[in-house]
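Please consult the sequence and the structure shown here while reading.

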Amino acid sequence: MIKNYFKTAWRNLWKNKTFSAINIFGLSVGVAAFLLIINYLRFEYSYDDAHVKKDRIFRVPMMTKEKGGKEQTFAFTYPAVAPALKKDFPEIEDAARFRRQGGVVTYKDQKIVEPGTLYYADAALFNIFSFRFVKGNASTAFRELNNAVITAETAKKYFGNEDPINKPLHFRNEDYIVKAVLEDVPENSHIRFNILLNYEKYIQLTQGAATTSWGWSDFYTYVLLKPGTNAKALEAKFPAFAERYMGSDMKERDYENFFYLQPLKDIHLKSKYDYEMAGNGNLSYLKYLGIAALFILFIAWINYVNLSTAHSLDRSKEVGIRKVVGAGKFQLIRQFLTESLFINVFAIAIGILIFKLTLSSFSSLVEKDINYLNVTDWRFWLFIITVFLLGTLLAAFYPAFVLSSFQPIYSIKTSQGASGLKGGRSFLRKSLVVLQFIAAIVLIAGAIGFYRQLNYMQTRSLGININQTLVVQQTANTDSSSIPSFNGFINDMKANPAIQSVTASTSVPGAEVGGSSSYYLKNSLAGKRCRNLGVDKDFIPNYGLKVIAGRNFTNDYPAADTNVMVNIILNETAAKIFGFNNPPDVVGQYIDGSGFHCKVIGVVKDYHQESLQNSFDPIVFYPEEERGFGNFSLKFNTTNLPALMDFVKQKWNSYYPQSPFRFFFLDEQFNAQYKSDRLFATVLWLFTAIAICIACLGLFGLSLFTIAKRNKEISIRKVLGATLFQISSLITRDYLKLVLLAGVIALPVAYILVNNWLKDYAFHINIGVWFFFLPVIMIVLIALLTVMYQSLKAALRNPVKNLRSE
């Protein structure tokens, strides 16, 4: 009997090639798209899964709040926190600190820049995390102060085919001996490094400050809790912990400091702290992609149900005859359920094949190594099998139930005998079409909203000129002996007619301003946390910043002596947090910070230091010493860029032979902040287009079937004088009504989703009238084009051919 079911299924599949092709193609593309998205989501949610003790690993971030100031959050904390936590709380099994460094590492004649991929780290990290050793082991890795641990890829980069063990790496006037090699850090890890140096050495280099300071931050701190520890209960003890070690300082300076426990698994997608170790993922994006994946699969299965129930009219006589010769209802249900399952499984198999073939290309598109499936991840496979099993059964059951319910006397009498299809089942089919287009309109509205936000961020005035700017970065440590090199390089750059101006600074637009300090208005204990940006006198005019009160730097002394008054400039936001909403009022005020006595000499208009996802930070500009600058910004105007680059490189190598030539173009660097946004926009539009295509494929199939059933009616109307427009509108108006109804329902849903998503941005678009018309207009035009072709074809057909049998 089962064999007969499959034979019948295959015959019907082959007999109705067009409908079968539409059904199978729509389902398989939907399955492939669903799998691509789900596999990408699985990768993003798998961050830090490789660590065996991940459920017991927590990061210790902090938040500071000055009286009357805004809260400032930090992914790192103070170096004294880790040993104090381990000492005070028996619930903590171990603790480790990471201190990021950057600069030039040398081996023999090689000079390689490690831009933030080198860390001083506690040996406890090997107990907390599950980084695997290729050579060496945890017990000997940091046995000596000057020991280093590197990754396998780093070993190849520095040593080639040589054995790296006991080889020296030179960094900042010290030789570090490689004692162990780790497997490369997996891409789905928020902790990424090339080189680890013994933290005990860093304590020595800082004369103990790197383990005793409660004021110097920038230390990423992780703790391993003992099994069974309640993290929330432990975190509740942290206010008393902060009071115990920092109470007198907090009281004196009138601020609060809070420590937290952040689960390791929450860092990549849920963390909102400043100064993250690496760029985090965006949970809002992933949720929207997850919705898109379900919508695509939902649309594909609706197509199947709609086309199967519509096509069931052609099989009503078959059902009637089978019932007459003794077939029971449940026999028919089993037969049609087998046919439906056969088509679904066949489509799923093709979908998996498409998924396999396109996975590599999709992996390149999202720039993630998702080109694999973890066969041991039973939760992923359980989810996939459950979704497909439920969806297949639900999609197969209804057509089987409809086909088996036809009354034999009406079914045999006429192919239109299954009159119920014109009633309730026709209503259900239309409802499913509406649901299909609701999903499509929500996706289109989201994609348009996201595109407009991305375009807004990329085209809005930044309040600063970043065009035609080449930034050269100083990567080696410098001292007072480098001042002649600094002046010589600056002068040579200014002498080149292709270079309009040169300025130096500690940071440039497009990245977080590195350091921050608490500043106190004279005679006030209320500290205000501000970012510190060291600049020369040309920075503000060269970048086009607008001085709205006071003056720019001229020959102001740098912050080199705590006994000398330092002139500083604030941005508007910094002036406001000190209580001066009118910028001229803050000029001349005295402020203490970072151990210096400062005088405000000017205020500049707020500008976007980072992407528009971030609000304006309070910034204090101060005159920096020549040896303290890390960035040279060159404004150029030339058509011969290669010649200019050769000139800059030659001069750089002559003045800074110890520092490899490292550069970038500022506009490209700034726009790189939107890289993940652009990728998401591309991916969202891709899958939105797939969803629309699947929906229109089903609409095409339904219109094809509807027209086939109304051929004689159309021919009679044409003989009686109906125009081409009247006949075309006869078919299209029903579908147009369904699409418009879908728009009315979908737009409020889309508005809520997009509006909630825009709240993640400090600066964002306003949802205007376009939002309520553009998605509907797009889907109406697409639906009309889909149906119109078949309508016109039917209207232009010779009516004699359809009526000759009457």
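The structure holds four cavities of 30 Å³ or more. A cavity is a set of points, on a 1 Å grid over the protein atoms alone, where a 1.4 Å probe fits but cannot get out. The model is predicted: local features need pLDDT of at least 70, side-chain atom pairs count only at pLDDT 80 or more, and totals for chains, interfaces and linings use all residues. Residues are numbered from 1 along each chain as its sequence is written, and side-chain values use heavy atoms, with hydrogens and water left out.

**Second largest cavity**

- The second largest cavity has a volume of about 130 Å³, a volume being the space filled by probe spheres set on the points, which are joined across faces, edges and corners.
- It is lined by 15 residues, of which Gln609, Glu610, Ser615, Phe616 and Asp617 are the closest to its centre; lining residues have an atom within 4 Å of a point.
- The lining of the second largest cavity comprises four nonpolar, six polar and five charged residues. Ala, Val, Leu, Ile, Met, Phe, Trp, Tyr, Cys and Pro count as nonpolar, Asp, Glu, Lys and Arg as charged, and the others, Gly among them, as polar.

**Helices α18 and α21**

- The axes of α18 (residues 483–495) and α21 (residues 641–655) come within 10 Å and cross at roughly 165°. Helices are DSSP runs (H or I, at least four residues) numbered from the N terminus; axes are lines fitted to C-alpha atoms over the stretch in contact, with angles from 0 to 180 degrees between N-to-C directions.
- Helices α18 and α21 are therefore roughly antiparallel to each other, a term for angles over 145 degrees.
- The crossing of α18 past α21 is right-handed, that is, the near helix is turned clockwise from the far one by less than a right angle.
- Ser485, Gly488, Phe489, Asp492 and Met493 of α18 meet Phe647, Val648, Lys651, Trp652 and Tyr655 of α21, where contact means heavy atoms within 4.5 Å.
- This contact of α18 with α21 has six nonpolar, two polar and two charged residues.

**Packing around helix α25**

- Helix α25 (residues 724–758) packs with α26 (residues 770–796) at about 160°, their axes 8 Å apart.
- The contact of α25 with α26 has 24 nonpolar, four polar and no charged residues.
- Helix α24 (residues 711–719) packs with α25 at an angle of about 150°, with axes 10 Å apart.
- Glu713, Ile714, Arg717 and Lys718 of α24 make the contact with Ile727, Leu730 and Ile731 of α25.
- By class, the contact of α24 with α25 has four nonpolar, no polar and three charged residues.

Methods: 1 Å grid on protein atoms, 1.4 Å probe; cavity = no way out; pocket = protein on both sides within 12 Å on 5 of 7 lines; lining within 4 Å. Helix = DSSP H or I, 4+ residues; strand = E, 2+ residues; numbered from the N terminus. Parallel < 35°, antiparallel > 145°, perpendicular 65-115°, else oblique.
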